[in-house]
Amino acid sequence: MADRVQFIMDRMAVTFREMEQFGVFSEEEVKSVVKKRTDFEYRLRRRQQTPADYYGYLRYELNLEELRGVRCRRQSQSASEERAEEPDFSKELINKHRKLQSAFMKHISYVFERALR
């Protein structure tokens, strides 16, 4: 059981690093996300999962995605005000935010597919 949970968490390691590097989440917040996701993964690896286990995990992930979106928009607005003359910087920032959004949505889809099975 622990091996499978560790495998799933290892797949998300790059995303965790990017969340911190891009300045969307602080180091403490990333640690909190890792702990919370690990706890949810262990719940889903038990013999008796309930729909509430999946619902709680999906609710947490959707709230986290919403928070990520708010922070990315705020970061983009402040960056565009500061560096209006550098169009390459804003494109790079948008690409970073899209990459994070993609990782979050893939994880949400992964949890949702598991819930359906």
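This is a predicted model: local features need pLDDT of at least 70, side-chain atom pairs count only at pLDDT 80 or more; totals for chains, interfaces and linings use all residues.
1. Overall content. The protein has five helices and zero strands. In sequence order the pattern is α-α-α-α-α.

2. The C-alpha trace spans about 55 × 25 × 20 Å along its principal axes. Of the 117 residues in the protein, 34% are buried. Among contacts with a separation of 6 or more, 71% are between residues 24 or more positions apart.

3. Helix 2 against helix 3, geometry. Two packed helices are described by the angle between their axes and the distance between the axes. For helix 2 (residues 13–21) and helix 3 (residues 27–44), the axes come within 9 Å and cross at roughly 155°. Angles over 145 degrees count as roughly antiparallel, and helix 2 and helix 3 are therefore roughly antiparallel to each other. The crossing of helix 2 with helix 3 is right-handed.

4. Helix 2 against helix 3, residues. Helix 2 contributes Phe16, Met19 and Glu20 to this contact, and helix 3 contributes Glu27, Val30, Val33, Val34 and Arg37. Sorted by class, the contact of helix 2 with helix 3 holds five nonpolar and three charged residues, with no polar ones.

5. Helix 1 against helix 3, geometry. The axes of helix 1 (residues 2–11) and helix 3 come within 10 Å, with a crossing angle of roughly 140°. Helix 1 is therefore oblique to helix 3. This crossing of helix 1 and helix 3 is right-handed.

6. Helix 1 against helix 3, residues. From helix 1 the contact takes in Ala2, Val5, Ile8 and Met9; from helix 3 it takes in Val34, Arg37, Thr38, Glu41 and Tyr42. By class, the contact of helix 1 with helix 3 has six nonpolar residues, one polar residue and two charged residues. Val34 and Arg37 of helix 3 are listed in the contact with helix 2 and also in the contact with helix 1.

7. Buried face of helix 1. Val5, Ile8 and Met9 are the buried residues named in helix 1. These residues lie on the same side of helix 1, because they cover an arc of only 95° around the axis. An α-helix has 3.6 residues a turn, so residues three or four places apart point the same way.

8. Asp39 in helix 3. Asp39 has its place in helix 3. With a relative accessible area of 32%, Asp39 is partly exposed. Asp39 and Val5 are 34 residues apart along the chain, and their C-alpha atoms are separated by 9.4 Å. Val5 itself is buried in helix 1.

9. Buried face of helix 2. Thr15, Phe16, Glu18 and Met19 are buried in helix 2. Seen down the axis, the buried residues of helix 2 fall within an arc of 165°, so they line one face of the helix. Of these, Phe16 and Met19 meet helix 3. Just after helix 2, Gly23 has a positive phi of about 80°.

10. Thr15. Where does Thr15 lie? Thr15 is in helix 2, and its relative accessibility of 13% means that Thr15 counts as buried. Not counting residues up to four places away in sequence, Thr15 touches Leu100 and Ala103.

11. Arg68. This residue lies in helix 4 (residues 51–82). Is Arg68 buried or exposed? Arg68 counts as buried, because its relative accessibility is 5%. Neighbours within four places in sequence aside, Arg68 is in contact with Val24, Phe25, His97, Leu100, Gln101 and Phe104.

12. Gln49. The loop between helix 3 and helix 4 holds Gln49. At 33% relative accessibility, Gln49 counts as partly exposed. Leaving aside neighbours within four places in sequence, Gln49 is in contact with Arg43, Leu44 and Tyr54. Gln49 and Leu64 are 15 residues apart in sequence, and C-alpha to C-alpha they are 22 Å apart in space.

Terms used. Residues are numbered from 1 along each chain as its sequence is written. Side-chain values use heavy atoms; hydrogens and water are left out. Axes are lines fitted to C-alpha atoms, for helices over the stretch in contact, and angles run from 0 to 180 degrees between N-to-C directions. Helices (H or I, at least four residues) and strands (E, at least two) are DSSP runs, numbered from the N terminus. Angles under 35 degrees count as roughly parallel, over 145 as roughly antiparallel, 65 to 115 as roughly perpendicular and the rest as oblique. A crossing is left-handed if the near helix is turned anticlockwise from the far one by less than a right angle, and right-handed if clockwise. Contact means heavy atoms within 4.5 Å. Ala, Val, Leu, Ile, Met, Phe, Trp, Tyr, Cys and Pro count as nonpolar, Asp, Glu, Lys and Arg as charged, and the others, Gly among them, as polar. Buried means under 20% relative accessible area, exposed over 50%, partly exposed in between (1.4 Å probe, protein chains only). The arc is that of the directions from the helix axis to the C-beta atoms.
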